[in-house]
Amino acid sequence: MFDITAPLTPGAISPGGEPLSLQKQLTERIQQAILSGHLPAGSSLISSRTLAKELGVSRNTVVNVYEHLAAEGYILADRQGTRVASLSGADRKNVSPVSPDTPAVRLADRLRPILETPLQPVHDALLSPGMPAIREFPLAAWRRSLDRAVRQLQSHSLGYSEPAGERTLREAIATHLYVARGVRCDVSQIIVTEGAKQALELCVTLLTDPGDTVWMEDPGYRGAKAAFSAGNLHTVLMAVDEEGIRVPKDAWTTHTPRLIYTSPAHQYPTGAVMSVARRLALISKASRTGAWLIEDDYDGDFRHSGGPIASMQGLVSHTPVLYIGSFSKTMFPSLKLGFLVLPARVMAQAKTVLNEILRNGQQLQQMAMADFMKSGEFGRHLGRMRRLYRERQRILREALIADFSPDQILGGKSGMHLTLKLAAGDDDKRIAELAHQHGLGVQALSSFCTRPGAVSGLVIGYGNTSSNDIPAAIGMLTDLIKQGRNVKTCRS
């Protein structure tokens with residue numbers, strides 16, 4: 001089987017469909033002979049000249065094979081000739097790949113909270129939450145920004161960029177945040193990230209040690225839960241009501257936090273807006289205890305009634321707030337661009353560390369995004385999307401009210417989703433599973449909760465579902481809710 005002098009096969013094809021050169025065939029043949037023990041350690045290989053003659057190939061081919069095998073440590077060459085090197089385990093016969101019957105892979109314990117509440121995203125389906133109106137995105141304008149960015153590209157742009165990201169983009173972000181969100185910052189406080197998830201991970205890396213306590217909303221954003229679990233933090237869950245995160249008075253002493261995660265402008269997934277009183281109380285308590293507030297402003301640009309809800313970061317000066325934003329909702333998810341605004345005093349301490357742990361990339365996309373913002377296209381796109389989402393939310397509300405009480409509909413007048421509360425006994429995960437089978441991407445509200453049996457409901461997106469499709473989709477969903485209830489009744 002491993003006769004290295006057997007004829008080679010010109011034009012042989014690898015299992016992966018790629019052609020194998022004669023040199024590659026001979027290399028693999030000798031490797032397998034050594035690993036299987038057919039060529040034991042210390043055995044001599046025939047000379048390159050003799051092997052080339054027997055195989056009918058050029059001597060250079062064999063010489064190159066021997067040199068490659070020597071470089072990898074399979075063989076040794078000296079004045080006495082070429083010998084097989086001593087490899088750990090190479091003298092055992094029938095060396096084979098790991099059996100598929102070996103024990104299952106054991107993932108890290110820190111991932112258990114994530115694995116216990118699996119989410120089944122159906123991003124392209126009707127009513128999928130978190131998906132913007134990608135069919136309405138101005139691709140022609142984006143291509144123009146990309147073209148201008150390519151023309152501006154210079155050789156130095158191909159290397160490592162400034163760790164915090166392209167300055168032109170950070171300048172554009174600073175301007176937009178001040179005007180649209182009331183964020184108080186300058187360009188030196190902004191870090192461009194690969195989405196909001198990396199921004200969350202940076203917060204954990206910079207300001208926590210394993211075992212530190214973090215508070216987060218429940219129900220809440222699963223990406224935050226994953227980032228805190230990966231950082232080996234002790235997560236304390238805080239319930240959410242109509243005013244946002246609700247903190248018991250004794251929690252500041254019994255579970256003193258290092259980080260507090262919030263989405264105050266439009267809580268995800270319930271849609272609650274945090275009251276000013278709670279915002280000020282959080283800022284005051286956090287300042288006194290040395291805690292840091294993470295403000296996730298994931299869709300704060302989309303307010304459908306009255307003016308926008310201003311950021312918590314800009315409420316008062318020198319807040320202990322780490323502000324996170326992303327272009328996944330305002331542009332498109334695959335862009336993978338986000339940003340983190342750090343307090344000036346944190347940035348002053350972290351600058352040296354950031355130079356070591358960040359290797360910012362995506363220069364071309366960042367340059368294009370800066371052009372898209374500074375040209376005014378970003379502002380015009382946001383204006384169109386606000387009008388579009390306002391109309392789609394109105395139609396979704398009307399469709400839901402036909403079969404459900406207005407008290408069951410959560411979500412306020414913002415964003416790209418509404419949440420429908422179901423009865424306590426309804427199995428929202430089963431209903432969501434039925435919906436997925438019928439092409440509806442709604443998500444079970446309980447999937448965003450860590451506390452078992454805390455809530456039951458459906459998170460319904462309208463960002464990427466046309467106004468014409470919403471009524472029929474809700475009609476189908478209503479039937480599936482009834483069907484899910486009937487299945488439960490039959491089982492009981």
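**Cysteines, then charged pairs**

Author: There are 0 disulfides in the structure, a disulfide being a pair of cysteine sulfur atoms within 2.5 Å. Take C185: it is in no disulfide, and the nearest cysteine sulfur, that of C203, is 14 Å away. Bear in mind that this is a predicted model, in which local features need pLDDT of at least 70 and side-chain atom pairs count only at pLDDT 80 or more, while totals for chains, interfaces and linings use all residues. Residues are numbered from 1 along each chain as its sequence is written, and side-chain values use heavy atoms, with hydrogens and water left out. One more cysteine, C449, is buried at a relative accessible area of 3%; buried means under 20%, exposed over 50%, and partly exposed anything in between, with a 1.4 Å probe and protein chains only.

Now for your charged pairs. Side chains of opposite charge can pair when their charged atoms come close. The structure holds 15 salt bridges, each counted when a side-chain nitrogen of Lys or Arg is within 4 Å of a carboxyl oxygen of Asp or Glu.

The part I'd zoom in on is D241. With R278 it makes a salt bridge whose closest N and O atoms are 2.7 Å apart. R278 lies in helix α10 and D241 in strand β6 (residues 234-241), so this pair ties together parts that are 37 residues apart in sequence. Helices (H or I, at least four residues) and strands (E, at least two) are DSSP runs, numbered from the N terminus. Both partners, R278 and D241, are buried, with D241 at 17% relative accessibility. D241 also meets R246 in a salt bridge, at 3.8 Å from N to O, and R246 is partly exposed, with a relative accessible area of 41%.

While you're on helix α10 (residues 276-289), click on L280, which is found there too. L280 is partly exposed at 39%, and together with V276 and V316 it makes a nonpolar surface patch of about 220 Å². Patches are made of residues with over 30% relative accessible area and no salt bridge; like charges are joined within 9 Å, and nonpolar side chains (Val, Leu, Ile, Met, Phe, Trp, Tyr) within 5 Å. The areas come from the Shrake-Rupley method with a 1.4 Å probe, and for residues only the protein chains shown count as cover.

E391 is partly exposed at 33%, and R394 is partly exposed at 39%.
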